[in-house]
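Subject: Structure handover

Dear colleague,

Please find the structure below, with the sequence.

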Amino acid sequence: MRIAFFGTGDFAIPSLKLLNGKNDIIAVVTTPPRPQGRGKKILPSPVEKTARELNLKILTPENPNSESFVKIFRNFSPECGVVVDYGFILKEPLLKIPRYGFINLHPSLLPRYRGPAPIQRQLIDGCTETGVTVIAMSLEVDSGDILNQLRVPIEPEETAGELALKLAKLGAELVQTTITQIEQGSLSRSPQDHSRATKAPKITPQDRLIDWHNSAREIHNRIRALSPLPAAWTTFREKRILLLRSKIISDIEQPKTQNPPGTVLINLPGVIVVTGNGFLELVQLKPAGGKVITGKEFRNGFRLISGERFDG
């Protein structure tokens with residue numbers, strides 16, 4: 001099948017590679033090179049890098065809905081458009097061009113967690129199950145008919161980065177299954193129950209700041225939801241500390257003297273912190289401007305003093 005692939009981020013790469021091996025990818029549409037990293041160097045998107053390695057035709061419109069791009073796209077005569085982690089909302093003139101329309105891969109069990117941050121929001125909410133959904137694209141974001149869906153358990157310690165990698169691989173297979181069903185004429189579709197829809201809004205700076213008055217479970221879920229990027233953070237000795245991995249501790253008792261949330265218990269190994277309900281061990285941290293370190297390395301490097309606290 002003649003496929004036009006729309007994607008930008010790392011999540012889209014497994015789908016692009018798998019589809020390229022089984023279909024005719026006539027064009028890869030991705031965002032233009034953007035400033036990235038500390039040095040703000042202009043770099044191509046992850047999908048553009050991969051497309052170059054695969055020797056595929058690359059298009060980088062500033063606005064894929066512009067009249068000029070729609071005209072260019074129509075000349076490619078795609079049979080199907082596939083959208084994975086692209087970053088633009090596509091409008092009707094573009095959506096109507098492919099013979100079989102556009103399909104989109106979304107990393108949640110739609111209609112739940114519609115929006116730009118489904119993986120992070122599911123982990124913040126403490127979900128134990130997620131999935132990947134392939135939908136027929138419509139004018140309303142993430143609301144098209146469901147074509148295929150696969151349920152996936154979420155492991156208790158799984159970070160957003162780890163979950164995204166798992167879902168990207170499973171999602172790629174589901175996209176290819178959908179393409180095969182389109183070709184065979186065996187595809188079925190089910191309208192979403194819009195009354196069950198929930199939102200997954202973009203992560204804000206405030207979402208990243210840890211409030212130690214929350215429970216150990218809530219803080220743990222927030223840390224793993226934002227790891228490795230953009231990362232949850234707190235402060236210690238007025239220095240910002242990124243928190244990348246944690247572990248809930250359930251087998252110690254609260255000391256007789258009530259310690260306020262954020263206090264580090266220095267009489268125990270590692271970095272164990274008092275929360276609003278329970279204790280949390282900080283397993284991986286990254287001081288501002290420094291490298292990723294273990295809790296033990298943090299403890300030794302900062303020479304912790306009794307009564308010291310992390311602040312939120």
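A pocket here is an open set of points, on a 1 Å grid over the protein atoms alone, with protein on both sides within 12 Å along at least five of seven lines, and its lining residues have an atom within 4 Å of a point. The model is predicted, so local features need pLDDT of at least 70 and side-chain atom pairs count only at pLDDT 80 or more, while totals for chains, interfaces and linings use all residues. Residues are numbered from 1 along each chain as its sequence is written, and side-chain values use heavy atoms, with hydrogens and water left out.

Pockets

The second largest pocket has a volume of about 260 Å³ (the space filled by probe spheres set on the points, which are joined across faces, edges and corners). Its lining consists of Thr8, Gly9, Thr31, Pro32, Pro33, Arg34, Gln36, Leu43, Pro44, Ser45, Pro46 and Asp85. By class, that is five nonpolar, five polar and two charged residues (nonpolar: Ala, Val, Leu, Ile, Met, Phe, Trp, Tyr, Cys and Pro; charged: Asp, Glu, Lys and Arg; polar: the others, Gly among them).

The largest pocket has a volume of about 1,300 Å³. It is lined by 38 residues, of which Asp85, Gly115, Pro116, Ala117 and Pro118 are the closest to its centre. Strand 7 (102-106), helix 5 (118-124), helix 6 (160-184) and helix 7 (205-208) each give two or more residues to this lining. Helices (H or I, at least four residues) and strands (E, at least two) are DSSP runs, numbered from the N terminus. The lining of the largest pocket holds 23 nonpolar, nine polar and six charged residues.

Seven strands make an open sheet of mixed pairing, in the order 5-2-1-6-7-8-9; two strands pair if DSSP finds at least two bridges between them. Strand 5 (58-59) and strand 9 (146-153) are at the edges with a single partner strand each, so one side of each has no neighbour in the sheet. Strands 7 and 8 (residues 129-136) run antiparallel and are joined by four bridges. His106 is opposite Thr133 in strand 8.

Trp233

Trp233 sits in strand 10 (residues 232-236). Trp233 is buried, with a relative accessible area of 15% (buried means under 20%, exposed over 50%, partly exposed in between; 1.4 Å probe, protein chains only). Leaving out residues up to four places away in sequence, Trp233 touches Pro205, Arg208, Leu209, Ile210, Arg240, Ile241 and Leu242 (contact means heavy atoms within 4.5 Å).

Regards

Terms used: 1 Å grid on protein atoms, 1.4 Å probe; cavity = no way out; pocket = protein on both sides within 12 Å on 5 of 7 lines; lining within 4 Å.
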